[in-house]
Amino acid sequence: MKKKTIAIDMDGVLADIEHQLIQHYNKANGTSLSKESIQGLEEEEAFVDRAVVRSVLNADNFFRSLPVMPDAVESVLELQKNFEVFIVSAATEFPVSLAEKVAWLGEHFPFIKWENIILCGSKRIINTDYMIDDHCKNLDYCMGKPIMFTAFHNINKTHHLRVNNWKEVVAVLNETL
């Protein structure tokens, strides 16, 4: 029997980008943003200086050094028992991130085969049974069942099934079996 498929986003879902982005942005901009102060804001509202954001996201080693989200490794391993897992990242916007993301996955998720890693631009073409992402711009076009992973910028969004952590992801997807 063919396994159902899951597309899993990297930044904000597998990799904890918020803390590191805030640190780099504050250092470059002389601001004092915190995780709490940006809750419920859109990215453009939280990080007003978009040139600084682009500079931070294009800096060497930014993506390579992101911490892993709590319980992500164990949860993805668990999901692979019953689902075919694809890691899907809209990485081409920041070309320096391509090699860094592959290396990051190799370190933290070495059990994900290279052919199950998709680094792309738009995710509109991704056709999996489920998509786990923190951005509605990706989930709104999901051909399967969208699952929104909580992040500061989507707190006020309510039109997708929400999960707050990796334990919830596993519970929700195991209910579908």
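A residue is called buried when its relative accessible area is under 20%, exposed when over 50%, and partly exposed in between, with a 1.4 Å probe and protein chains only. The model is predicted, so local features need pLDDT of at least 70 and side-chain atom pairs count only at pLDDT 80 or more, while totals for chains, interfaces and linings use all residues. Residues are numbered from 1 along each chain as its sequence is written, and side-chain values use heavy atoms, with hydrogens and water left out.

**Exercise 1.** Classify the aromatic pair of tyrosine 25 and phenylalanine 47.

Solution. Rings of Phe, Tyr and Trp (its six-membered ring) pair if their centres lie within 6.5 Å, and planes under 30 degrees apart count as stacked, over 60 as edge-to-face and the rest as tilted. By this rule there are 8 aromatic pairs. For tyrosine 25 and phenylalanine 47, the centres are 5.1 Å apart and the planes 80° apart, which makes the pair edge-to-face. Because tyrosine 25 lies in helix 1 and phenylalanine 47 in the loop between helix 2 and helix 3, the pair ties together parts that are 22 residues apart in sequence; helices (H or I, at least four residues) and strands (E, at least two) are DSSP runs, numbered from the N terminus. Both tyrosine 25 and phenylalanine 47 are buried.

**Exercise 2.** Classify the pair of phenylalanine 149 and tryptophan 166, and state whether these residues are buried or exposed.

Solution. With 5.7 Å from centre to centre and 45° between the planes, this pair is tilted. Phenylalanine 149 belongs to strand 5 and tryptophan 166 to helix 7, 17 residues apart. Phenylalanine 149 and tryptophan 166 are both buried.
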